[in-house]
Amino acid sequence: MFVEDLVKGFYDIISKNKILILVNYDVDAICAVKILQCILRFDNIVYVLVPVKTVTELKKAFEEQKVDVKYVILINCGGTLDIIDILEPEENITFFVVDSHRPTDICNIYSSSQVRVLTPPEDEEKIPDFEDIFNENESSDDEDVDSVELDDEEESDIVNVNSVEEQQNKRRRLDQSTLIKRRERRRWEENRKKLLFDYTQFSYYGRSAAMLMFDLAWKLHRESVDLLWWGIVGVTEQYILGKTERMRYLKEVELIAGHIGRICDSTIINDDEDNMSQSSMSKPSNTSTQLRIESEKDLLLALYRHWTIECSLRYSMFTAVSLKLWTIKGEKRLKQILAEMGIDVQIFQHIVKIPPHSHYNIVYFLWSLLSLTQFISPFIMICLLFGNSKLGDNILIAFHRTTNSSDKITNTTLEVEFQPCTNDFHLNLHQLYFKREFWFNNSILIYLRLPLAESRQMYHSMDLGLRKQFYGMMEKISNTHNLLQMTYPSFMLHQGFKTRYQCADYVYSMVATLETNSRENSPTQCFYNTMDSLSRSKKEFLDQGIEKAKWILSNMFRHVQAALDMRQVILAGPFYYLIVQEGTLHSQHYSNPHCLTMLASFALRAQVASSRKIKATRLPLIASATLDSDQDTCLIVGIPPITESMPKSFFGKAFEQVSNKTNIEISLDYFDSSIAKMQTKDRPKFFDALTALLS
């Protein structure tokens with residue numbers, strides 16, 4: 001059953017007893033449980049937290065921790081399963097489900113007492129009616145038919161008064177009524193099967209569990225900047241990893257903006273009142289040192305504030321796919337983008353008039369530079385003429401001469417590039433059309449390109465002017481280089497004068513920390529390290545995760561590039577498939593569901609961008625990697641086509657049907673139905689059966 005009031009129908013009930021919290025291994029679930037922890041600790045409520053990755057671990061954790069537990073909270077796990085049938089709990093145990101996986105199991109929805117779903121239903125779910133799925137009169141009708149037949153037999157044996165014809169008429173009427181009921185029952189079962197198939201055909205994601213927990217904190221009047229930030233990270237994880245569509249994300253952004261205006265403003269006002277009540281000897285308040293969240297547009301570039309601009313452009317999935325950076329042509333386009341990012345300084349936009357009937361030559365070039373001495377300092381003049389270590393060897397000055405006529409506009413361009421190593425000028429004279437706001441007859445425009453050295457150093461070490469104008473630079477060139485929808489509404493966390501973090505930085509860091517299993521850290525330890533990275537007092541976990549994420553993104557790009565060059569993304573009729581062969585460099589990292597899903601999404605978009613067939617945009621992709629070499633098992637992940645407006649996957653139902661129709665043992669043990677596990681030797685047979693099913 002659905003819970004309409006989170007406070008009365010959920011929190012007031014669980015606040016009096018010991019609670020068992022079972023949490024899935026994903027960023028949204030970790031943010032949700034972090035918010036729930038703060039709420040429970042405020043009221044000193046005793047709870048036990050256990051992370052679970054599969055249904056098997058869910059059963060094991062419940063059996064071990066169910067003693068003296070009356071309430072169990074499931075966060076991003078168990079919502080798509082029949083909990084009562086799988087766990088077989090006692091009647092006094094109640095389950096509260098906070099799961100963003102869809103569709104929710106129909107038995108959980110219509111459970112009257114033991115299962116309560118906290119996520120509200122949505123119109124797009126199209127939940128079947130109770131009467132169409134559960135028939136309460138079914139068993140009673142069968143009992144009535146059997147009892148009537150039994151009574152007739154007893155009556156005929158004992159009394160034996162009626163004639164044979166009367167008995168036959170009774171049986172005929174009874175047979176007709178029985179056939180009608182059986183026919184109606186058959187129709188009802190066929191309709192039920194169809195409704196259940198349509199309801200469970202696709203798997204997708206609903207609203208973020210972290211934002212649902214923040215709504216609980218808001219209604220309890222216990223919201224804070226930290227809790228809101230954790231909710232933002234949960235929402236951003238769904239958008240960055242492609243779990244939700246853009247329109248749903250924009251709706252959440254509007255709601256979050258209202259919370260930011262209320263919480264951050266009230267925090268500053270309260271701090272100002274506390275400071276005014278102190279004595280005059282106390283330090284004056286500084287609002288810039290306060291913890292605050294700002295809403296602003298940002299770029300779909302991964303970790304560019306903690307990386308170099310060149311690396312972020314190269315290894316981000318959005319720019320890598322749009323520019324096809326795995327090709328030589330794409331590499332040239334990347335260098336062109338770096339060169340087109342001009343430094344928007346006013347002194348380099350000065351218009352220099354030249355005498356009429358003059359020609360472009362090195363004399364007028366030097367004359368033009370000398371004419372700017374009244375506008376620029378001698379240091380900048382030396383940088384232009386001789387270069388320095390800061391600007392590197394990518395100094396380029398361009399002069400544009402515009403000639404207006406009745407039928408066309410001609411822009412004669414002279415490019416002068418200075419090489420510090422040889423002290424030579426390289427002249428290049430050609431005609432181009434530049435889209436500028438204003439052009440003047442017989443004029444020269446001087447500008448300086450983005451130095452290559454600046455793009456190859458860390459973002460926080462770049463020139464301050466470049467950092468301020470970087471967003472504007474990318475926004476200007478996005479249309480000319482097919483970088484559509486490169487910007488999106490995002491949020492920034494400010495904590496005094498410390499390093500600013502974008503919400504996407506937290507997502508990449510937490511995914512990398514969660515999926516980086518090693519001999520030293522177990523999966524459970526990685527889960528708790530990921531949870532600690534949300535705490536501002538343990539910033540080292542966040543920074544370590546960012547470094548791991550940069551390594552994962554660069555390795556993923558190289559793997560996709562190698563897969564495309566070696567044609568490892570294979571078309572199998574109704575879908576593509578990619579197999580990460582065991583023994584490939586760093587292939588063991590793709591034994592984790594998150595990393596393999598990110599690789600599959602990257603590979604599918606890269607394949608579609610490389611293919612000239614229109615059909616490629618409508619095809620899904622299946623990626624597979626070795627899970628455990630000792631047990632000879634592999635992991636299978638299905639990705640829906642990129643043309644889907646809402647990322648819905650049909651692979652969960654397809655995997656289930658292949659398992660039923662063949663002798664292949666497919667383990668659908670993960671909470672995401674589009675992820676499966678099987679024996680490596682059965683993988684070719686599985687692909688053949690799936691091809692036959694989807695054809």
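How many bridges pair strand E8 with E14, and in which sense do the two strands run? In this predicted model, strand E8 (residues 291-299) and E14 are paired in the antiparallel sense over nine bridges. Within this pairing, aspartate 298 is found opposite tyrosine 488 of E14. Strand E14 itself spans residues 487-495, and it is largely enclosed by the rest of the structure because eight of its nine residues are buried. E14 also pairs with strand E15 (residues 501-502), again in the antiparallel sense, over two bridges. Here leucine 493 stands opposite tyrosine 501 of E15. The hairpin formed by E14 and E15 has five residues between the strands, and in this hairpin glycine 496 adopts a positive phi near 65 degrees.

Strand E18 (residues 621-628) is joined to E19 by seven bridges, and the two run antiparallel. Isoleucine 622 faces glycine 638 of E19 across this pairing. Four residues lie between the strands in the hairpin of E18 and E19, where aspartate 632 has a positive phi near 55 degrees. E19 is also paired with strand E20 (residues 675-679), through five bridges in the antiparallel sense. In that pairing, valine 637 has isoleucine 675 of E20 as its bridge partner.

Strand E19 (residues 633-639) is mostly covered, with seven of its seven residues buried. In a regular strand, side chains alternate between the two faces of the sheet. In E19, Thr633, Leu635, Val637 and Ile639 point one way, while Cys634, Ile636 and Gly638 point the other way. The residues of both groups are buried.

Charged residues were examined next. Side chains of opposite charge can pair when their charged atoms come close. The structure holds 20 salt bridges. One of them links arginine 292 and glutamate 294, with the closest N and O atoms 3.1 Å apart. Arginine 292 counts as partly exposed because its relative accessibility is 23%, a value between the limits of 20% and 50%. Glutamate 294 is likewise partly exposed, with a relative accessible area of 30%.

Aspartate 198 and lysine 194 form a salt bridge in which the closest N and O atoms are 3.1 Å apart. Aspartate 198 is partly exposed, with a relative accessible area of 39%. Lysine 194 has a relative accessible area of 51% and is therefore exposed, the cut-off for this class being over 50%.

On the surface, Arg182, Arg183, Arg186 and Arg187 gather in a patch of positive charge. Arginine 183, one of the patch residues, counts as partly exposed because its relative accessibility is 38%.

Methods. Residues numbered from 1 in each chain as written. Predicted model: local features only at pLDDT ≥ 70, side-chain atom pairs only at ≥ 80, totals over all residues. Heavy atoms only, no water. Patch = residues over 30% accessible without salt bridge, like charges linked within 9 Å, V, L, I, M, F, W, Y side chains within 5 Å. Areas by Shrake-Rupley, 256 points an atom, 1.4 Å probe, with all protein chains shown as cover. Salt bridge = Lys/Arg side-chain N within 4 Å of Asp/Glu carboxyl O. Lys, Arg positive; Asp, Glu negative; His and termini not counted. Charge placed at Lys NZ, Arg CZ, Asp CG, Glu CD. Buried < 20%, exposed > 50% of the residue type's maximum accessible area, 1.4 Å probe, protein only. Pairing = 2+ DSSP bridges.
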